[in-house]
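Have a look at the sequence and the structure first, then read on.

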Amino acid sequence: MEVILGTIVATFGIKGEVKIHSNTDFAAYRYQKGNEVILYSPIKKSRETVKIVSHRTFKNLDIVLFENFINPEMAQKYIGYQVLINREENELEEGYYHYADL
């Protein structure tokens with residue numbers, strides 16, 4: 001099963017970064033450099049696994065750069081994609097729950 005971390009809402013800057021409206025309280029942990037996430041298009045039903053290069057926050061949004069996203073034009077095609085993680089590989093500490101479990 002997969003967990004939705006957020007949705008890509010826009011590009012940011014000239015490096016190919018994207019703005020993500022996140023649904024997670026653990027963004028700094030989930031978007032750590034080197035972590036892999038799945039980009040899923042609900043419209044196309046396509047998915048792609050990508051590695052995170054960098055993360056920061058800006059105005060309540062997460063700014064993430066994925067490996068091989070080299071310019072805004074490349075990142076533009078991922079607007080509307082959901083950012084997912086495999087639940088089995090990313091368990092929470094005891095006493096914490098995924099939104100889907102509540």
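Is Glu2 buried, partly exposed or exposed? Glu2 is partly exposed, at a relative accessible area of 28%. Here buried stands for under 20% relative accessible area, exposed for over 50%, and partly exposed for anything in between, with a 1.4 Å probe and protein chains only.

Before going further, some ground rules. This is a predicted model, in which local features need pLDDT of at least 70 and side-chain atom pairs count only at pLDDT 80 or more, while totals for chains, interfaces and linings use all residues. Residues are numbered from 1 along each chain as its sequence is written, and side-chain values use heavy atoms, leaving out hydrogens and water.

**The overall layout**

The protein chain has two helices and six strands, and along the sequence they run β-β-α-β-β-β-α-β. Both kinds of element are DSSP runs numbered from the N terminus: helices are H or I with at least four residues, strands are E with at least two. Of the 102 residues in the protein chain, 36% are buried. The accessible surface comes to about 6500 Å², and carbon and sulfur atoms hold 50% of that; the areas come from the Shrake-Rupley method with a 1.4 Å probe, and for residues only the protein chains shown count as cover.

**Strand 1 and its partners**

Strand 1 pairs with strand 6 in the antiparallel sense over five bridges, and Gly6 sits opposite Val83 of strand 6. For two strands to count as paired, DSSP has to find at least two bridges between them. Strand 1 also pairs with strand 2, again antiparallel, this time over six bridges. There, Ala10 faces Lys19 in strand 2.

The largest nonpolar core has 20 residues, and Ile8, Leu39, Phe66 and Phe69 have the most contacts inside it. Strands 1, 2, 3, 4, 5 and 6 each supply at least two residues of this core. A nonpolar core is a set of buried Ala, Val, Leu, Ile, Met, Phe, Trp, Tyr and Cys residues joined through side-chain atoms within 4.5 Å. Setting aside neighbours within four places in sequence, Leu39 is in contact (heavy atoms within 4.5 Å) with a list of residues including Ile8, Val50, Phe66, Phe69 and Arg47.

**Charged pairs**

How many salt bridges does a search of the whole structure find? There are two, a salt bridge being a side-chain nitrogen of Lys or Arg within 4 Å of a carboxyl oxygen of Asp or Glu.

| Salt bridge | N to O distance |
|---|---|
| Glu2 and Arg47 | 2.6 Å |
| Glu17 and Arg56 | 2.5 Å |

Glu17 is buried, with a relative accessible area of 5%, whereas Arg56 is partly exposed at 37%. As for the other pair, Arg47 is partly exposed at 47%.

**A serine in strand 2**

Ser22 is found in strand 2 and counts as buried, at 18% relative accessibility. Its side chain makes a polar contact with the side chain of Tyr31 at 2.9 Å. A polar contact is a pair of N or O atoms within 3.5 Å; within protein, one must be able to donate a hydrogen and the other to accept it, and residues adjacent in sequence count only if both atoms are side-chain atoms.
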